[in-house]
Amino acid sequence: MKPAAFEYVVVDNVTRAVAALSEAHGEAKILAGGQSLVPMLNFRLVKPAILVDINRIPDLAFIEETDHEIRVGALTRHHQLEISPVIARHLPVLSAAMTHVAHLAIRNRGTIGGSLSHADPAAELPMMALLLDAKLHIVSHRGKRAAAASDFFRDALTVDLAEDEMVTEIHVPKLPPGTGWGFEEVARRADDFALAAVAATVTASGGKISEARITLTGVGRTPVRAKEAETLLLGEKLETKLAGRVIAAVRAAITPETDLHASSDYRRHLAGVLTGRAVSTALKRVAGDVE
Ligand SMILES: Cc1cc2nc3c(=O)[nH]c(=O)nc-3n(C[C@H](O)[C@H](O)[C@H](O)COP(=O)(O)OP(=O)(O)OC[C@H]3O[C@@H](n4cnc5c(N)ncnc54)[C@H](O)[C@@H]3O)c2cc1C
């Protein structure tokens with residue numbers, strides 16, 4: 001199918017972008033990488049009167065390091081995250097996750113701002129934003145605000161973003177020293193959306209676990225943080241058998257849906273298995289047994 005007719009506006013700065021959104025009174029959509037929006041336009045699942053193309057805003061694609069965090073411009077492409085030495089050094093779990101996002105052709109176009117704003121229930125970037133405690137910086141003609149990833153994802157394809165708002169930057173705290181990580185995903189074919197994926201980080205101090213984070217995608221309408229499972233690890237010694245302890249807690253924390261690709265029961269089973277592997281790898285990395 002072809003999209004319904006729309007007006008096409010190209011902007012070269014954020015002020016013009018949010019002015020165009022504001023003037024459209026809810027009838028406009030931002031066009032970033034177009035990898036989710038264009039299919040939705042073609043199927044006429046969305047029929048915006050105006051597309052605001054932000055691809056020519058020059059200072060919206062960057063990866064910068066400060067003392068404590070990594071700042072990423074909303075227009076940064078998935079592949080730039082995947083190959084960035086800064087991300088590899090400070091957020092290696094994110095580099096690993098990016099290799100699972102679609103095919104390279106899509107990763108060359110798709111953007112972090114687009115993926116987070118679109119919030120597909122099986123996408124990797126929303127779960128990574130939750131895992132890494134990211135903050136989204138949001139601009140509209142009314143001003144600026146920041147939203148924690150933990151508050152941003154409301155439902156499938158639904159986020160805390162008004163029609164006149166635009167995500168401009170994502171700030172992510174660097175992982176602390178002594179942190180190990182694991183990322184596990186199963187998809188029907190390489191580079192398909194996940195049937196289930198799990199990311200875990202484990203931070204140790206004095207030989208004991210001081211912080212643990214576990215997030216999942218593909219197992220609910222939004223990304224899930226498995227807080228009860230995390231609590232089971234706190235204060236424990238670094239032993240890989242601990243990974244088994246969190247599996248039941250993760251399975252209890254999720255309510256996967258049955259769809260064309262997999263049943264709810266299968267996804268729950270898979271989530272447990274992948275959690276065991278991701279946590280076990282994270283524990284081995286903290287202990288220095290895995291690179
Ligand atoms: C065949 C195929 C396979 C895919 N597989 C995967 C996969 O395995 N994992 C995965 O995570 N994704 C996958 N994707 C989706 C891909 O990652 C998209 O790039 C991503 O979901 C959207 O990013 P985008 O930049 O293309 O956004 P667009 O398609 O341009 O926009 C998506 C939505 O976000 C809004 N938007 C965009 N940028 C902003 C912004 N800065 N502020 C506010 N709103 C904004 C748009 O208005 C639109 O509503 C796949 C896509 C395809 C076509």
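Contact here means heavy atoms within 4.5 Å. The structure is a predicted model.

Q: With which residues is Val93 in contact, leaving aside its neighbours within four places in sequence?
A: Val93 and Met128 touch the most other members of the largest nonpolar core, which has 39 residues. Beyond its neighbours within four places in sequence, Val93 is in contact with Met128, Leu131, Leu132, Leu175, Trp181, Gly182, Phe183, Ala199 and Thr201.

Q: Is Glu124 buried or exposed?
A: Glu124 has its place in helix 8. Leaving aside neighbours within four places in sequence, Glu124 is in contact with Ala97, His100, Val101, Phe183 and Glu185. Buried means under 20% relative accessible area. Because its relative accessibility is 3%, Glu124 counts as buried.

Q: Which residues come nearest to the ligand?
A: The shell around the ligand comprises 31 residues. By class, this shell has 14 nonpolar, 13 polar and 4 charged residues. Those that come nearest are Ile30, Gly34, Leu37, Thr111 and Glu124.

Q: How many Å separate a polar backbone atom of Leu37 from an oxygen atom of the ligand?
A: Several polar atoms of the protein may be considered in turn. A polar side-chain atom of His78 lies 3.0 Å from an oxygen atom of the ligand, and a backbone N or O atom of Val167 lies 2.9 Å from a nitrogen atom of the ligand. For the polar backbone atom of Leu37 and an oxygen atom of the ligand, the distance is 2.7 Å.

Q: Which element provides the largest share of the shell around the ligand?
A: Two or more residues of the shell come from each of strand 2 (28-31), helix 7 (112-118) and strand 10 (166-173). The largest share, 5 residues, is provided by helix 7.

Q: Is Thr168 buried or exposed?
A: Thr168 is found in strand 10. Not counting residues up to four places away in sequence, Thr168 touches Val14, Leu60, Val72, Gly73, Ala74, His137, Ile138 and Val139. The cut-off for a buried residue is under 20% relative accessible area. Since its relative accessibility is 10%, Thr168 counts as buried.

Technical notes
Residues numbered from 1 in each chain as written. Predicted model: local features only at pLDDT ≥ 70, side-chain atom pairs only at ≥ 80, totals over all residues. Heavy atoms only, no water. Core = buried A, V, L, I, M, F, W, Y, C linked by side-chain atoms within 4.5 Å. Buried < 20%, exposed > 50% of the residue type's maximum accessible area, 1.4 Å probe, protein only. Near = heavy atom within 4 Å. Polar contact = N/O pair within 3.5 Å; in protein donor to acceptor, adjacent residues only side chain to side chain. Helix = DSSP H or I, 4+ residues; strand = E, 2+ residues; numbered from the N terminus. Nonpolar A, V, L, I, M, F, W, Y, C, P; charged D, E, K, R; others polar.
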